[in-house]
Amino acid sequence: MQLYEKNHLDFVLNNAAECAVLLKSNGDFPIEKPGKLAAFGAGLRYTIKGGTGSGEVNSRFKYTIEEGLEQEGFEITSKGWLDQYDEVRAKAKKDFYKRVRKELKGNFLAIMGKTMREPEHNLTLSGEGDVAIYVLSRNSGEGSDREVVEGEVKLNNSEIRDILELNKSYQKFMLVLNVGGAVDLTPVMDVDNILLISQLGVNIGKVLADILVGKQNPSGKLTTTWATWDQYSNEGTFGEWNETKYTEGIYVGYRYFDTFGKKALFPFGYGLSYTNFEVGETKVQAKASEIIVNTVVKNTGVCAGKEVVQVYLSKPTGKLDQPYQELVAFAKTNNLAAGEEQELQLTFDLQDVASYDEETASYILEVGDYLVRVGNSSVATKIAAVVSLDATVTCLKAKNCLGDPGFKDIKAPARNAEAVPAEAARLQILAAELQSQSVSYDTKYDIADQAKKMTDEELIYMGIGGFNPDAKMFSAVGNAGSHVAGAAGETTSQVKGVKPMIMADGPAGLRLCRTYFEDEKGAHDASGKGSMPESVTDAMGPVVRFIANLVVGKTKVPKDAVIKEQSCTMIPIGTAIAQSFNYDLAKKFGDIVGTEMEMFGVHLWLAPALNIHRSILCGRNFEYYSEDPFVSGMIASAITEGVQQHKGCGTTIKHYAANNAETNRYNNDSQVSERAMREIYLRGFGLCVRKTQPKAIMTSYNLLNGVHTAEHRGLIEDILRCEYGFKGIVMTDWILEMMADKNSINRIALSNEVAKAGGDLFMPGCKGDFNRMKAAIEDGSLSREQLQINATRVLRMIDTLVG
């Protein structure tokens, strides 16, 4: 290992417990020291370090939880059970791949994200010692959604039986969850110690060992509601092939649970610690529309730990119905010793959480009382202040530009007035003191002299990813770059004097080829395995694997090639980072990625991903942060700050927008109201843009109310550039004609339509995309001026990042 690898890995391992969530605890843990441990469950030997797809990272090594625990001094006494489980797993995996290949008939793109359900078995539990753990594991990934079946969202009979038996048989037992998304724990809620270790990278066992012996104290909080499956909202649709109806509107996640009186197993913002905390006296002030909350947190337990304070706001119901509450601020304490206390200050601006009124196309604050709630989870808060607004305020005059979904959103039920504690502060805000603004959508873009001088062909090349027009084969899935081995893509090298920008996949670190060689054609993978994610190649038969490797550019390694290395650090999955509720920690994870981008010559990281956990069934939720847009926007901002403090490095926040499922993701139409889009699905993007100005934004594959997001001028120009003030470039996700589903009523996005909408880059680029844009220029449907505007943005970003 090189020094940077060691430093980066050490940082991740020494801080990852902040991303783990202690769901239940009875005081049996931590134990005194490593010793005999009876360990069971798929996650011991088949540990999921992170989900599948673009988020996979080719790190130098990876350890299972079993290996990590043993390295830290634990003696695993259940080897017999684990060896027998190997045989069960091998047979189940063989049967699974056989079935998948038959069902998908060699379509290797459709294989993406397919994961095996946990198999049933009748193995006898055996293991010495007083301490036992069961590591329940679940995988998911890009390309497929999860299912409400046993061995997936639900536990299967073998898991339930074994977990409950271990809970009875061992003096100290912990259920450990090596999962990327919520599972229904209803059958095992009698277990007294449950830890969501999540998916933390290459050595989760080291972090788990630290937590078991108290070397690290878990301090994460849930960013998604965990509940019995039938308690989740059944409003709207999920998993339909051609269209998805978001009839639940703004009532997503805890907004639904709190407003409609549903009970969660573990609510949003919830998480325990090995120690206890007390949120003490709270003072609230108002300066114009800014609300300032000061509170004191004291560690009242017996060991050091960290606590997260959360501020929620309940808005008055008037013209618009409102959720019971929404998160508006959070802060994490330092590591407080037993008996130590810390004062925290949390601020938010009322105008930043204004509601969108479709009738007037405005963000408004309605007259009435706003309740400020403070606590350490969404169900453990107290009203700290009542802020009264004397008249309705139009904060921002915008325009409706996202289309009509064809339905009306559900409305919240009426709720009774709430008793306000006598000690709660009473504050008054005068509407006359608040500012009202309007958006100008009549933007005039200047055109760079270099773009003015370009031919039509050069302008088209500038708007398409860096494909080689003379190549017989194209390299497109996860490896469409030639300057850095394994890079996901790059901008054109076909225009004289214009350098390419190199892009690498994310979001759990850079996904590059770990070993590579260079020749006159560029840099190439030297592993001999090709650059496709292991999760995809594992499911392929030999014939399909051969064809797929041709598509993605597998190269034969010459005998005299000089083999070089570019090992990258895997950071925790997105949901885990968000669970830390620690802005500074997330920023440091971004700093790790930015450092490695500088080292390897990558200019744009295709991350962070901040789509909303609309449903726990989305197969890609592990990449995303939360069901809450404020958490999503803040964590994306932190990571962007960390990356962009490095010279020549930028983030590409994605997937813009309403990409909340993987089923038919290239052709599915997300039907969402203007209000829900603006308050839930776009808010995190707007927050991140205004706070940190990421260098790029990637559109999603799906349509929004009948228009592809990549072709949606309302999304790209009106909201992103005019309302949010975005200054960077807009690129598509990686679009190939082979992705189009013949059974879908919707086509895939087209390069000429993307350019017309103000999309700057159509990725990864091929000859067909070039020809389509050229034909549009010739028939007058695509203007040369629009291509010049798009090219100007790309040229200026190249100047900024490449120089």
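Predicted model: local features only at pLDDT ≥ 70, side-chain atom pairs only at ≥ 80, totals over all residues.
Local features were considered only at pLDDT of at least 70 and side-chain atom pairs only at pLDDT 80 or more, whereas totals for chains, interfaces and linings use all residues. Residues are numbered from 1 along each chain as its sequence is written, and side-chain values use heavy atoms, with hydrogens and water left out. Helices (H or I, at least four residues) and strands (E, at least two) are DSSP runs, numbered from the N terminus.

The segment before helix 1 contains Gln2. Gln2 has a relative accessible area of 41% and is therefore partly exposed; buried means under 20% relative accessible area, exposed over 50%, and partly exposed in between (1.4 Å probe, protein chains only). Gln2 lies 565 residues from Ser567 in sequence, while their C-alpha atoms are 9.0 Å apart in space.

Helix 1 (residues 3–15) packs with helix 13 (residues 583–600): their axes come within 11 Å and cross at roughly 165 degrees. Axes are lines fitted to C-alpha atoms, for helices over the stretch in contact, and angles run from 0 to 180 degrees between N-to-C directions. Helix 1 and helix 13 are therefore roughly antiparallel (angles under 35 degrees count as roughly parallel, over 145 as roughly antiparallel, 65 to 115 as roughly perpendicular and the rest as oblique). The crossing of helix 1 and helix 13 is left-handed, a term used if the near helix is turned anticlockwise from the far one by less than a right angle, with right-handed used if clockwise. On the side of helix 1, the contact (heavy atoms within 4.5 Å) involves Tyr4, His8, Phe11, Val12 and Asn15. Helix 13 contributes Leu585, Lys588, Phe589, Ile592, Thr595, Glu596, Met599 and Phe600. Eight residues of this contact are nonpolar, three polar and two charged. Here Ala, Val, Leu, Ile, Met, Phe, Trp, Tyr, Cys and Pro count as nonpolar, Asp, Glu, Lys and Arg as charged, and the others, Gly among them, as polar.

An open sheet of six strands has the order 1-6-5-4-2-3, with mixed pairing. Two strands pair if DSSP finds at least two bridges between them. Strand 1 (21–24) and strand 3 (75–76) each have a single partner strand, so one side of each edge strand is left without a neighbour in the sheet. Within this sheet, three bridges join strand 5 (residues 172–178) to strand 6 (residues 194–196) in the parallel sense, and Leu177 has Leu196 of strand 6 as its bridge partner. Helix 6 (residues 204–212) lies across strand 4 (131–137), strand 5 and strand 6, and runs at about 145 degrees to strand 5.

Three strands form an open sheet in the order 8-9-12, and the pairing is antiparallel. Strand 8 (277–287) and strand 12 (341–349) are the edge strands, each pairing on one side only. From one strand to the next, the twist averages 20 degrees. Nine bridges join strand 8 to strand 9, with Asn299 in strand 9 as the partner of Phe277. The hairpin of strand 8 and strand 9 has two residues between the strands, and in this hairpin Ala288 takes a positive phi near 55 degrees. Strand 9 (residues 290–299) also pairs with strand 12 over nine bridges; Thr295 stands opposite Leu344, and Ile291 is paired with Phe348. Seven of the 10 residues of strand 9 are buried.

Helix 17 (residues 713–723) is mostly covered, with 10 of its 11 residues buried. Among the buried residues are Glu717, Asp718, Arg721 and Glu723, as well as Leu715, Ile716, Ile719 and Leu720. Just after helix 17, Gly725 has a positive phi of about 75 degrees.

Several loops show backbone exceptions. Most residues other than glycine have a negative phi, and most peptide bonds are trans. The bond from Phe29 to Pro30 is cis, with omega near 10 degrees, and Pro30 belongs to the loop between strand 1 and strand 2 (36–40). The bond from Gly506 to Pro507 is also cis, with omega near 5 degrees; Pro507 lies in the loop between strand 21 (502–505) and strand 22 (515–519). Ala361, which is not a glycine, has a positive phi of about 50 degrees. Ala361 sits in the loop between strand 13 (355–357) and strand 14 (362–365) and, at 8% relative accessibility, counts as buried.
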